There are 2 protein chains.
Amino acid sequence: MSRKYIDNPNACTLVHTMNIIGNKWKPIIIYLLSNGPMRFGKLNALVPTISKKVLTTQLKELENDELIIRKSYAEIPPRVEYSLSEKAKGLLPVLKELSQWAENNFPEIEFEECRIVDL
Amino acid sequence: MSRKYIDNPNACTLVHTMNIIGNKWKPIIIYLLSNGPMRFGKLNALVPTISKKVLTTQLKELENDELIIRKSYAEIPPRVEYSLSEKAKGLLPVLKELSQWAENNFPEIEFEECRIVDL
DNA sequence: TAAAGTGGTAACCCTGAAGTAACCTATGTC
DNA sequence: GACATAGGTTACTTCAGGGTTACCACTTTA
């Protein structure tokens, strides 16, 4: 008789984490929101390469996973603010370590294209 | 004049990290290899739901990113051993923190299906 | 009266990641 | 001579994530 499946829950919680934040846009969104609450339009302006539709779905998924909080004001024109939940804030130091790891281990990459233009 | 692009390299190193390990199988592979070198067949047996083709491409990509080391012996039948590089070992504590974060913040999830069967 | 501002939704398409099944190499063994 | 073994490759198909464009609601401003 031989084992056939993964033994360790660590691997699976990891998989779960990746399902939540391991995609193209979510780390960026979480990072941006770490500076404080932000409106939909501002997020969209800061990441012009994301379409409104995709931004909407990413925010909705993050909200479902309770990583961000959506607060909408009954105004015209509408105003909606997104902010990080406590769950997400607990993630920030780990994300920072991941960044650090990448910087330390891939020094050949300049990450220039990430630098700013103007706001 | 207003800023139009993301300001912070943190977000982008993060994106880079996610590109490397943020997918369905790589965290699992890295975790399994953290127990020591392992052969292709054993990896495949431990994760029976991954196809040989996909396992091959994942291992190849991890090797290109210098996270794992592929050692092949000129024997018949062939023998190939995979192990973690130093780069990848530096990542392990962070991955563990990510696991920990998921366990702490999603207590409602049992992660039962991750438990073992037999080896 | 028409355009701008805000936060979306609806319908559609496209691509790349992942999955399936068959095949290959070279040897040893029945 | 047929099969098993280990580590793949090749060709084909499927599917979900992401992308594009158009449109909406409601008010203020020009």
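Helices and strands here are DSSP runs, numbered from the N terminus. The model is predicted.

Helix 4 (52-64) of chain A supplies at least two residues, as do helix 3 (40-46), helix 4 (52-64) and strand 3 (79-84) of chain B. Helix 4 of chain B provides the largest share, four residues. By class, this surface holds eight nonpolar and eight charged residues, with five polar ones.

There are 21 residues around DNA strand D. Those that come nearest are Lys53(A), Lys52(B), Arg70(B), Pro78(B) and Tyr82(B).

Individual polar contacts involve both chains. In chain A, a polar side-chain atom of Gln58(A) lies 3.0 Å from a phosphate oxygen of DNA strand D. In chain B, Arg39(B) places a polar side-chain atom 3.1 Å from a sugar or linking oxygen of the DNA strand. Pro78(B), listed among the residues that come nearest, makes its contact through the backbone: an N or O atom lies 2.9 Å from a sugar or linking oxygen of DNA strand D.

Within chain A, strand 2 (residues 68-73) pairs with strand 3 (residues 79-84). The pairing is antiparallel and runs over six bridges. The two strands form a hairpin, with five residues between them. Across this pair, Lys71(A) stands opposite Glu81(A) of strand 3.

Definitions and conventions: Residues numbered from 1 in each chain as written. Chains lettered and ligands numbered in written order. Predicted model: local features only at pLDDT ≥ 70, side-chain atom pairs only at ≥ 80, totals over all residues. Heavy atoms only, no water. Pairing = 2+ DSSP bridges. Near = heavy atom within 4 Å. Polar contact = N/O pair within 3.5 Å; in protein donor to acceptor, adjacent residues only side chain to side chain. Nonpolar A, V, L, I, M, F, W, Y, C, P; charged D, E, K, R; others polar.
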